[in-house]
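Trainee: I'd like to go through this one with you. Can we take it piece by piece?

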Amino acid sequence: MTRKPSVASRHPEVIMLYEKEEDISGAANIIAEQVEEYRTVPVTRLVGEQIKEHKPSVILFAMSSVKLSIELYTKMLKNQQIAYRHYAIVLCKNKESALAFRSCIKGVFDNYFVYLPLYEKFRLKMIVHNGLRQSQGDDHYAGLDDDQLERIDTNLSSLIELSSQCKRQLLDSVDSCKASVQQSTEQLEPGEEGVTREKALVKSLAKQHIEPLLTQLELEIKDGLDLILAQLTSRHSEIKDIKQKVIDKQQAKIPTQALVSSLFENQEAKPPKKKILVVEDNQIYREMIVKVLEHDEYDTEQACDGLTALKMIKGNDYALILMDLYMPHLDGINTTKQLKAQNDGKDIPVVALTSNNNRELIKRWAQVGLKGYILKPSNRTEILQAVKTAIEYS
Amino acid sequence: MKNSPQILNPKIMRDLIGNDPALITQFKQDFVNQARASLRELATHYNNREFDRLKQGAHFLKTSAKAIGAEEVADKLQQLELASREQELSRCKQLIIQLKNALQSLIEVINS
């Protein structure tokens with residue numbers, strides 16, 4: 001379910017105070033996606049009274065400068081218009097981030113966020129989430145539902161759940177230890193027979209508290225490991241099944257010897273075409289490169305980003321990869337690094353497609369294993385020459 | 001001395017994909033469609049002050065602009081990429097307007 005962005009709740013838990021509406025439109029919509037009880041309020045003479053009336057848990061100050069935000073906040077505090085538990089966030093321009101940071105370190109605001117320009121929408125959501133949790137407490141603040149989060153891979157999602165569960169268990173264990181130690185300390189009584197009495201107490205502590213805790217910890221670790229092992233085993237078995245299916249499919253496709261012989265009778269055997277993977281996010285340029293390569297008797301396959309390319313590389317035998325360096329999701333350099341890590345040591349040559357011929361950059365590309373580069377836009381001859389050289393020297 | 005950019009340099013595409021008129025026409029039309037959509041996105045990123053996205057969008061379209069030989073459009077995109085990297089707001093606005101005009105000139109040349 002997607003929430004309809006709203007910036008005018010009647011009982012706001014989060015309020016953003018602003019001077020210029022055009023400055024806050026981006027940030028305001030991001031928070032409205034996350035928090036239902038939310039309102040943006042222009043700063044007027046009555047703003048302090050409005051805050052006093054609604055008592056929002058989180059207040060964002062989006063004045064035109066950090067100085068004005070500090071002044072407004074101080075005035076409200078002095079006038080007792082914010083005299084309750086709350087979380088104050090200053091929104092600032094990039095050039096004022098040092099000042100905003102300083103005001104947080106000095107304890108004026110609880111946090112700050114650079115909203116002009118607006119880069120990290122999830123960081124803003126995180127800050128508001130933490131603000132609500134701190135000011136309302138876990139008992140009152142329900143947090144975010146899964147449907148309010150971006151969709152991610154199921155495996156990654158279960159890994160995050162598992163990690164969170166492990167952390168909670170560990171923290172609970174630590175709390176339990178602390179409580180036991182506290183209880184035992186309270187039982188200690190100072191006396192003259194000190195040493196003997198302490199020894200007895202230590203023994204009693206070990207037996208009654210430490211040993212059971214260690215046993216509990218061991219059990220929890222074992223359970224955690226069992227769970228991880230079970231997941232790994234299941235994943236391993238899935239991969240095995242997929243591999244078997246691929247093999248079966250490939251075998252089903254292999255024509256019989258007789259059919260092959262009849263097809264190629266009286267024909268000279270031609271070497272198989274070399275297959276090249278073209279990774280480029282711009283569809284038009286990708287198709288142009290493919291036309292050039294196919295015209296020169298290469299087989300081609302296409303991917304629009306690094307992540308897709310990495311998936312395609314598994315189980316394929318490419319003679320070469322032509323890769324754009326500047327792509328969304330996973331850029332060319334990082335795709336090349338991942339490729340080397342995942343490809344069982346097999347070294348598929350990678351040639352970069354780039355608009356940048358800076359020497360330092362080219363050196364760095366060579367270090368991560370790129371075998372060459374093609375400057376955009378090169379002509380047919382230059383592209384084919386780079387491809388031929390990379391394949392021959394690999 | 002560097003030549004001033006042409007609205008459409010036909011040699012670029014001929015040298016890349018060969019002299020196939022039907023294919024060349026198809027790529028030109030594909031580029032016009034892609035550029036119209038990208039221009040709208042660039043304007044949205046500008047309005048939201050999303051400089052990083054603005055830079056990425058300009059870089060993306062520059063690739064195909066260079067490949068089809070739309071030199072003037074590519075030149076504006078290159079400048080827009082730099083201006084958005086430096087977060088020069090008014091320069092970005094100016095370049096988006098110039099880009100729109102350059103694209104209009106390109107469409108006229110393609111249709112003539």
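Mentor: Start with a definition. Angles under 35 degrees count as roughly parallel, over 145 as roughly antiparallel, 65 to 115 as roughly perpendicular, and the rest as oblique. Axes are lines fitted to C-alpha atoms, for helices over the stretch in contact, and angles run from 0 to 180 degrees between N-to-C directions. Also, this is a predicted model: local features need pLDDT of at least 70, side-chain atom pairs count only at pLDDT 80 or more, and totals for chains, interfaces and linings use all residues. Residues are numbered from 1 along each chain as its sequence is written, and chains are lettered from A and ligands numbered from 1 in the order in which they are written.

Trainee: OK. At what angle do H3(B) and H4(B) cross?

Mentor: Roughly 160°, and their axes come within 8 Å. H4(B) covers residues 71–85. Helices (H or I, at least four residues) and strands (E, at least two) are DSSP runs, numbered from the N terminus.

Trainee: So what do we call H3(B) and H4(B) relative to each other?

Mentor: The two helices, H3(B) and H4(B), are therefore roughly antiparallel. Their crossing is left-handed. That word applies if the near helix is turned anticlockwise from the far one by less than a right angle; clockwise is right-handed.

Trainee: What kinds of residues make the contact of H3(B) with H4(B)?

Mentor: Nine nonpolar, three polar and five charged. Ala, Val, Leu, Ile, Met, Phe, Trp, Tyr, Cys and Pro count as nonpolar, Asp, Glu, Lys and Arg as charged, and the others, Gly among them, as polar. Contact means that the C-beta atoms of two residues, placed from the backbone, lie within 7 Å.

Trainee: And how far apart are the axes of H4(B) and H5(B)?

Mentor: They are 9 Å apart, and the packing angle is about 165°. That makes H4(B) roughly antiparallel to H5(B). The crossing of H4(B) and H5(B) is left-handed. Residues in this contact include B:Leu77 and B:Leu80 of H4(B), with B:Leu95 and B:Leu99 among those from H5(B). By class, the contact has eleven nonpolar, four polar and three charged residues.

Trainee: Switching topic. How many residues of each chain are in contact?

Mentor: 22 residues of chain B touch 18 residues of chain A. On the chain B side, H1 (10–17), H2 (21–47) and H3 (51–68) each supply at least two residues. H3(B) gives the largest share, nine residues. That side of chain B has eight nonpolar, seven polar and seven charged residues.

Trainee: Now chain A. What's its secondary structure?

Mentor: Chain A has 13 helices and ten strands. Of its 394 residues, 26% are buried. Buried means that 20 or more other C-beta atoms, placed from the backbone, lie within 10 Å of the residue's own; exposed means 12 or fewer, and partly exposed is in between.

Trainee: What order do the strands take in the five-stranded open sheet?

Mentor: S7-S6-S8-S9-S10 in chain A, with parallel pairing. Two strands pair if DSSP finds at least two bridges between them. The edge strands are S7 (299–303) and S10 (370–375), and each pairs on one side only. Neighbouring strands are turned by 20° against each other on average, direction ignored.

Trainee: How many bridges join S6 and S8 of chain A?

Mentor: Four, in the parallel sense. A:Val278 has A:Leu322 as its bridge partner in S8(A). Helix H9 (residues 283–295) of chain A packs on the sheet and touches S6, S7 and S8. Its direction makes about 170° with that of S7(A). Helix H11 (residues 332–342) of chain A packs on the sheet too, touching S8, S9 and S10.

Trainee: Is A:Ile321 buried or exposed?

Mentor: A:Ile321 counts as buried because it has 26 C-beta neighbours inside 10 Å. A:Ile321 lies in strand S8 of chain A. Leaving aside neighbours within four places in sequence, A:Ile321 is in contact with A:Leu277, A:Val279, A:Ile348 and A:Val350.

Trainee: Last one. How many residues of S3(A) are buried?

Mentor: Five of its five residues. A:Val58, A:Leu60 and A:Ala62 are on one side, with A:Ile59 and A:Phe61 on the other. S3(A) pairs in the parallel sense with S1(A), over five bridges, and with S4(A), over four.
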